2 protein chains.
Amino acid sequence: MDGNGAPLRCLFGVRVLDLTQFEAGPSCTEALAWLGAEVVKVENPKGGEPGRTSFAGPPNSPDSYYFFEFNANKKSVTIDLKSERGRALVKELAKKADVMIENMAPGTIERLGLGYEAIRALNPGIVYAQVKGFGEGSPYEHNLAFDMIAQACGGTMSITGEPDGPPIKPGPSLGDTGTGMLMAISILGALYERRATGQGRRLQVAMQDAMLHYIRFAFQTQAATGKPAGRVGSKSGSTVAPSGLYPCAPGGPNDYVYVFARQRDHWDRLLKVLGREDLIGDPRYATPAARAEREAEVNAMVADWTKRRDKHEAMRVIGAAGVPAGAVLDTMELMNEPNFEERGILQVAEHPSGPFKMPSWPVRFDGKPPLLRPAPLLGQHKEEVLSEWLGLGAADIADLERDGVI
Amino acid sequence: MDGNGAPLRCLFGVRVLDLTQFEAGPSCTEALAWLGAEVVKVENPKGGEPGRTSFAGPPNSPDSYYFFEFNANKKSVTIDLKSERGRALVKELAKKADVMIENMAPGTIERLGLGYEAIRALNPGIVYAQVKGFGEGSPYEHNLAFDMIAQACGGTMSITGEPDGPPIKPGPSLGDTGTGMLMAISILGALYERRATGQGRRLQVAMQDAMLHYIRFAFQTQAATGKPAGRVGSKSGSTVAPSGLYPCAPGGPNDYVYVFARQRDHWDRLLKVLGREDLIGDPRYATPAARAEREAEVNAMVADWTKRRDKHEAMRVIGAAGVPAGAVLDTMELMNEPNFEERGILQVAEHPSGPFKMPSWPVRFDGKPPLLRPAPLLGQHKEEVLSEWLGLGAADIADLERDGVI
């Protein structure tokens with residue numbers, strides 16, 4: 001019985017040596033772990049990767065909620081990379097790995113003697129992946145970056161906000177997880193190829209570069225207008241009415257419903273909902289362009305109806321009429337929605353520090369998302385991995401522990 | 001000579017039957033096409049998929065810039081799904097495909113007789129993928145959705161905007177491309193498994209569900225505070241100073257630089273840049289929490305320096321000092337940056353309607369991103385695909401054309 005998740009073995013037998021930290025790298029390797037790869041985190045014996053402790057966690061837990069979220073279904077091994085024996089151990093593991101991945105500050109992995117050329121010499125079939133803030137060959141390739149730096153330099157902030165306001169950081173951590181997803185796709189492509197050719201690949205992605213992939217709608221806007229894509233608040237970016245957020249009762253900070261009626265039939269259906277069948281076919285409102293010219297009037301018509309309903313009712317009624325509509329839901333509303341748990345989109349990790357409900361991989365395989373297993377404790381799989389991958393015995397491991405290598 | 005892109009064959013031999021439209025589906029299949037899969041779009045003979053014509057394009061082009069962006073490296077075949085012979089032809093193609101994918105309105109593919117059960121009966125090894133707005137089993141599973149509906153219902157809008165302002169739609173089309181990337185990862189996992197087992201998979205993703213994957217940072221904030229994650233403008237979401245956008249000369253709408261100095265050494269380095277070495281070690285500013293208490297003062301100190309530089313200089317100087325910093329770049333600045341073209345992050349598609357510069361797949365394989373080939377003209381590969389996949393000859397094809405089936 002696996003409840004609302006299915007234990008996937010799509011990547012059964014694939015070994016991932018994971019030297020990543022925080023989110024861009026860990027979100028990538030977690031995607032591989034959901035699919036059944038054996039992902040082994042290599043962590044500093046003194047406290048582990050910084051994502052464990054940089055944010056808040058449950059009482060008495062050594063690890064943060066943040067760490068739980070981005071490290072589900074993985075294993076953890078502690079190795080001191082400052083020690084020569086530790087680095088030698090990583091090289092031995094790399095010989096047995098199918099994938100090695102890191103997202104350290106620029107130049108760090110090479111200084112450790114664990115760069116691409118060194119690892120490839122030991123294992124020519126390895127898929128070696130690196131996530132950085134800026135691309136090799138960029139004027140900023142030596143610079144540090146976090147999610148928000150990538151979002152500033154990658155264009156996402158310039159297209160987010162009110163038309164007359166400053167740039168806004170999009171709430172989603174696209175610089176991190178958005179980049180991690182593109183690397184996961186690339187690793188999977190390289191693994192597929194490797195089954196046929198036996199050859200490895202060097203993969204590199206920069207968080208700034210990855211942002212361009214997610215703002216292609218804005219690039220087409222620019223191509224069409226000849227001007228940089230601007231900020232449009234909550235509108236869809238095109239000249240359509242109705243298109244945007246409409247206020248709902250009782251007027252709280254997220255009491256809004258999105259309504260978008262571009263197509264003729266959607267507009268006609270919306271008029272029925274609003275009790276304005278008299279306007280169906282009226283040429284003053286017949287096309288998106290005609291309605292956009294009367295945008296204030298059209299918006300008032302919709303808002304007059306929505307503000308007398310709560311957002312859930314507004315979404316239910318407008319959506320059921322066949323018009324695209326969506327209530328603005330906050331994180332608490334999402335977390336407390338039973339339907340997400342029933343469908344396995346939210347699952348509960350049975351972590352030693354207590355149960356923790358969190359988003360799982362949202363794609364369903366034959367009806368169920370992958371099964372959530374809790375993030376590992378620091379070094380939890382040390383013996384298991386060193387034994388299975390390298391054949392080390394209890395005495396070898398005790399020796400490494402005594403010397404502070406693991 | 002392939003210039004700044006490499007022709008990848010990672011997915012050589014993988015056949016994808018692509019019945020998707022607009023962005024969520026096409027962004028997914030385009031990822032597979034970049035990696036070398038043979039992606040065949042099945043399109044309506046009367047105008048093709050709506051993404052071709054729903055947006056602006058170059059003069060005299062039948063296709064939009066939008067279509068160019070999301071359909072690179074693919075093939076196009078026209079088939080009339082309203083005709084019985086057309087649907088039979090799709091079934092024949094499905095027998096030869098490794099992957100079939102669709103993102104039509106709820107229930108449409110089943111009404112066409114091309115749903116999962118029907119196709120699986122013909123080809124048990126197929127990976128059958130569906131992208132919808134809402135999940136099967138959700139109260140809204142029959143509802144229509146676009147990117148912004150998914151972003152409203154998936155939480156991304158609730159965490160984007162100013163603390164005292166309304167929700168804002170993030171500029172990136174995360175509801176579409178963000179969802180497409182998760183499906184691409186899942187398809188690749190299923191294909192890897194299939195090489196070992198020969199078994200297919202049914203994959204389903206909902207755009208609303210996919211949004212939860214990208215706002216996990218907000219869920220950890222909620223777990224830590226017990227309250228829904230709020231809106232924080234351009235801050236990083238934590239109580240850190242300096243952390244946010246600072247105004248630069250000459251004061252245009254995107255003249256800002258992001259500066260983030262949480263770590264002690266980053267703050268000390270920033271003080272040197274600002275010419276305030278006198279404050280290094282000063283306990284009033286020594287920790288992120290101490291600085292957050294004096295946020296207005298700290299912000300004024302940084303802004304006083306940034307507003308006397310342009311954003312490029314500010315980023316260059318602060319970044320080179322070892323402090324995370326990023327200028328807000330708009331789409332025009334990104335498109336005109338030669339470095340992106342040199343590195344193959346932007347490439348030029350030699351489309352029959354003229355050259356079009358656009359973002360390529362941003363991950364580099366052994367030094368280069370995949371080679372960009374232009375999006376197909378409507379039906380461009382009709383003869384090629386029907387001949388290679390089904391063995392049809394010129395007479396068969398002429399017959400299907402005459403009857404309006406293809």
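This is a predicted model: local features need pLDDT of at least 70, side-chain atom pairs count only at pLDDT 80 or more; totals for chains, interfaces and linings use all residues.
Local features are reported only where pLDDT is at least 70 and side-chain atom pairs only at pLDDT 80 or more, whereas totals for chains, interfaces and linings use all residues. Residues are numbered from 1 along each chain as its sequence is written, while chains are lettered from A and ligands numbered from 1 in the order in which they are written.

Chain A contains 17 helices and 12 strands; helices (H or I, at least four residues) and strands (E, at least two) are DSSP runs, numbered from the N terminus. The C-alpha atoms of chain A fill a box of roughly 85 × 50 × 40 Å along the principal axes. Of the 406 residues in chain A, 57% are buried. A residue is classed as buried if 20 or more other C-beta atoms lie within 10 Å of its own, as exposed if 12 or fewer do, and as partly exposed in between, with C-beta atoms placed from the backbone. Two residues are in contact if their C-beta atoms, placed from the backbone, lie within 7 Å. Among contacts in chain A between residues at least 6 apart in sequence, 69% join residues at least 24 apart. The domain assignment of chain A gives domain 1 (15–214 + 337–402) and domain 2 (243–247 + 256–327); such bounds come from an automatic or database domain assignment. The centres of domain 1 and domain 2 of chain A, taken over C-alpha atoms, are separated by 44 Å.

At the interface, 106 residues of chain A are in contact with 107 residues of chain B. Helix α7 (residues 174–197) of chain A supplies the largest share of the chain A side, with 15 residues. That side divides into 65 nonpolar, 28 polar and 13 charged residues. In this division Ala, Val, Leu, Ile, Met, Phe, Trp, Tyr, Cys and Pro count as nonpolar, Asp, Glu, Lys and Arg as charged, and the others, Gly among them, as polar. Since 100% of the interface residues of chain A are also interface residues in chain B, the copies meet through the same surface.

In chain B, helix α7 (residues 174–197) has 24 residues and reaches 33 Å from its first C-alpha to its last, close to the 34 Å expected at 1.5 Å a residue. The expected span is 1.5 Å times one less than the number of residues. Because 20 of the 24 residues of α7(B) are buried, this helix is largely enclosed by the rest of the structure. Gly198(B), with a positive phi near 75°, follows α7(B).

Strands from both chains take part in an open sheet of 7 strands with mixed pairing, in the order β12(A)-β6(B)-β5(B)-β4(B)-β1(B)-β2(B)-β3(B). The edge strands, each pairing on one side only, are β12 (364–365) of chain A and β3 (75–78) of chain B. Two strands are taken to pair if DSSP finds at least two bridges between them. Strand β2 (residues 38–43) of chain B pairs with β3(B) in the parallel sense over 4 bridges, and Lys41(B) has Ser76(B) as its bridge partner in β3(B). Between the chains, strand β6 (residues 201–206) of chain A and strand β12 (residues 364–365) of chain B run antiparallel and are joined by 2 bridges. Leu203(A) stands opposite Phe365(B) in β12(B).

Several local backbone features were also found. A cis peptide bond, with omega about 0°, joins Ala249(A) and Pro250(A); Pro250(A) lies in the loop between β7 (243–247) and β8 (256–260) of chain A. In chain B, a cis peptide bond joins Ala249(B) and Pro250(B). Asn60(A), a residue other than glycine, has a positive phi near 70° and is located in the loop between β2 (38–43) and α2 (65–70) of chain A. Asn60(A) counts as exposed, with 8 C-beta neighbours inside 10 Å. Phe22(B) has a positive phi near 60° and lies in the loop between β1 (15–19) and α1 (24–34) of chain B. Phe22(B) is buried, with 20 other C-beta atoms within 10 Å.
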